[in-house]
Amino acid sequence: MKTPELPPFDQQPHKYSGPLLDEVARLRKEFLNPGIFLYYKTPLMLVEGKMQYVWDDRGRRYLDALGGIVTISVGHCHPHVVAAANEQNALLQHSTTIYLHPNIATYAEMLAAKMPGNLKVCYFVNSGSEANDLALMMARAYTGNYDIIALRNSYHGGGASTMSLTAHHTWKFNVPHSFGVHHALTPDPYRGIYGRDDADAAKKYAADVKELIQYATSGQIAGFIAESIQGVGGYVVFPDGYLKHAYEHVRAAGGVCIADEVQAGFGRTGTHFWGFETQDALPDIVTMAKGIGNGCPLAAVVTTPEIAATVTKRTHFNTFGGNPVVCAQGKAVLEVIERENLQENSLKLGRRILDGLENLKEKHDIVGDVRGKGLMLGVEMVKDRKTKEPAKAECAQVVENAREMGLLLGKGGLFGQTIRFAPPMCINEADADFIVDVLDRSLAQL
Ligand SMILES: Cc1ncc(COP(=O)(O)O)c(C=O)c1O
């Protein structure tokens, strides 16, 4: 098999003249959090990006099929987004919400227009963890209840309250964090107890939420939080209708429903703008981050006026949340998604990649499962299709092999056994074919 070639791209990178890779690695080792990890045995230093591509310090180009961990939604340094941020940077960088500013107000109107139902009150913060922290506080303040139901295999952040929601030992420190969180079964049609062949899987998994409420709480809860497709957990897509059924049990117990759209939102699933819509569900609170800003520290919580009213009993303030620059960038992102039909592109190219991945499953026994929606796709690797023993080392090797051919991939799942694809939504057909070809060859090289 011929080594796949990166599709042509009409841009020469700038010559990099900063500190050398070894020096940067040394500085990082000495002065940065020793707990952060690097992908790749030989570290990669990225210094430039344009649309779906990035360049390293030596001027080598890569297709970024992880999008800076699902954050580059419309493309690296998209000209419209860069222009909007630059213009605002030159005019007024910061003011805070104690004064009026047109950007936060007009952006909130644009974002609310994207929401279904009565979800129309926006709160801006700086990260997904902060958004989920605020959503938890809202659920508790609104209902007067404390307990929260989250899902196993979820990731909702690394702050004190969100770490308690997250259900992966890898991301949980052995210190006390917020209590009152209970984790229901992961509605995982591949690894879970109810598989794809079970027509009632959605209802059965949702029944576990009801049982958990009955056994682990007073019967009255503050809320339920779930990613619409589990991201860090390895792009686990729930059985159709799971969220809708789970929400019914939560509401019957006095709780509100929180959809974490940090990875699945903004058109990435292809068929819908929001991931929860693929589940025929309507949440009471939606949290968003990552792709909302295409790389700037912008995140949001959107809820109903009734729930928002409870957050007026005390002052909720966030210094940087929704500052003029990030709101200009957020507006530009929404404009690009619409103007360039990026949701439709996610659908079309997601299908093309998924078809290719299905073929690879036929060809390579190590591929246990292929799944996803739009440009949020996962390939779970197993040593044995019967026992489903996670193929962790092989998965890491595939990611290494792909890098050698110019493709950057992600890993996910409790054991790091799932390859994740979440490229910027601007990729084209040649990129999609390149992704599949490189994966094919990377698997063959094992
Ligand atoms: C689904 C989900 N929610 C929340 C977060 C936390 O976001 P942040 O890292 O911006 O705090 C993440 C981060 O990966 C995420 O994937």
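1. Strands (E, at least two residues) and helices (H or I, at least four) are DSSP runs, numbered from the N terminus.

2. A word on the model before going on. It is a predicted one, in which local features need pLDDT of at least 70 and side-chain atom pairs count only at pLDDT 80 or more, while totals for chains, interfaces and linings use all residues. Residues are numbered from 1 along each chain as its sequence is written, and side-chain values use heavy atoms, with hydrogens and water left out.

3. Back to the sheet. It is open, has 7 strands with mixed pairing, and runs in the order β4-β10-β9-β8-β7-β5-β6. Because β4 (121-125) and β6 (181-184) stand at the edges with a single partner strand each, one side of each has no neighbour in the sheet. From one strand to the next, the twist averages 20°.

4. Two helices deserve a look here. Helix α4 (residues 102-113) packs on the sheet and touches β4, β9 (285-288) and β10, its direction making about 120° with that of β4. Helix α8 (residues 242-252) packs on the sheet too, touching β5 (148-151), β7 (223-227) and β8 (256-260), at about 165° to the direction of β7. Contact means heavy atoms within 4.5 Å; axes are lines fitted to C-alpha atoms, for helices over the stretch in contact, and angles run from 0 to 180 degrees between N-to-C directions.

5. For polar contacts (N or O pairs within 3.5 Å), a side-chain N or O atom of Gln-263 is 2.8 Å from a ligand oxygen atom, and one of Lys-290 is 3.2 Å from an oxygen atom of the ligand. A backbone N or O atom of Tyr-155 lies 3.5 Å from a ligand nitrogen atom. Of the 390 Å² of accessible area (Shrake-Rupley, 1.4 Å probe) that the ligand has on its own, the protein covers 83%.

6. Finally, there is an open sheet of 4 strands, ordered β1-β2-β3-β13, with mixed pairing. In the antiparallel pair of β1 and β2 (residues 53-56), joined by 4 bridges, Glu-48 stands opposite Trp-55.

Notes. A polar contact is a pair of N or O atoms within 3.5 Å; within protein, one must be able to donate a hydrogen and the other to accept it, and residues adjacent in sequence count only if both atoms are side-chain atoms. Two strands pair if DSSP finds at least two bridges between them.
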